[in-house]
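This briefing covers the overall fold of one chain and the setting of one residue. The sequence and structure come first.

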Amino acid sequence: MADQVRVYISIGSNVDRERYVTAALDALANWFGGLEISPVYESEAVGFKGSPFLNLVVGVKTGLPVGELSQRFKQLEADNGRRRDVPKFSARTLDLDILTYGDRVGIVDGVELPRGEILKNAFVLQPLADIAPEALHPVTGQSYRELWRAYRSDQKLWPVSFTWQGRQISVVAD
């Protein structure tokens, strides 16, 4: 069996959000077993006017190569109604992206590693810093906690309560 690599995956949805985030978590748990799951955040749509997104980051260990992971995620998106015949910045049922694959850097099987969004978008960096605060960004060498503390943007996000398989993933006090 191939060596196991830690992979971080972002999940986002702004259409029937709870349904599709749950579908993604169910599929990932089925494929990989135990999941590290960040708190769930709500954020404004970036790049277009649309409904707010739910966003989170999941960590898994896998021996699957990057290309196979990417294909599985694209198929999961398609199975959950993701359309690719619409503008890049538009509403989506489900969006899964490989953020990191171990410490790999560069374009691997057509996938940018680490994903540039880590350093650009609060809805990626904060949940990544939540579940992997001491992990190092493979290019900057800084921890995700350090990157989040230094992050400056007007992007807004806020934690939301979310339950998956009877487990509170996020809890927001009233």
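Among contacts in the chain (heavy atoms within 4.5 Å) between residues at least 6 apart in sequence, 65% join residues at least 24 apart. This is a predicted model, in which local features need pLDDT of at least 70 and side-chain atom pairs count only at pLDDT 80 or more, while totals for chains, interfaces and linings use all residues. Residues are numbered from 1 along each chain as its sequence is written, and side-chain values use heavy atoms, with hydrogens and water left out.

**Fold and dimensions**
- The chain has 5 helices and 10 strands, taken as DSSP runs numbered from the N terminus (helices H or I, at least four residues; strands E, at least two).
- The radius of gyration, over C-alpha atoms, is 15 Å, close to the 16 Å from the globule rule (2.2 Å times the number of residues to the power 0.38) for 174 residues, so the chain is as compact as a globular protein of that length.
- Along the principal axes, the C-alpha atoms fill a box of roughly 40 × 35 × 35 Å.

**Surface and burial**
- The accessible surface of the chain is about 8900 Å² (Shrake-Rupley method, 1.4 Å probe), and 48% of this belongs to carbon and sulfur atoms.
- Of the 174 residues, 49% count as buried, meaning under 20% relative accessible area (1.4 Å probe, protein chains only).

**Residue R17**
- R17 is in helix α1, which covers residues 17–32.
- R17 counts as buried because its relative accessibility is 18%.
- Neighbours within four places in sequence aside, R17 is in contact with E42, P52, F53 and L54.

Note on methods: Buried means under 20% relative accessible area, exposed over 50%, partly exposed in between (1.4 Å probe, protein chains only).
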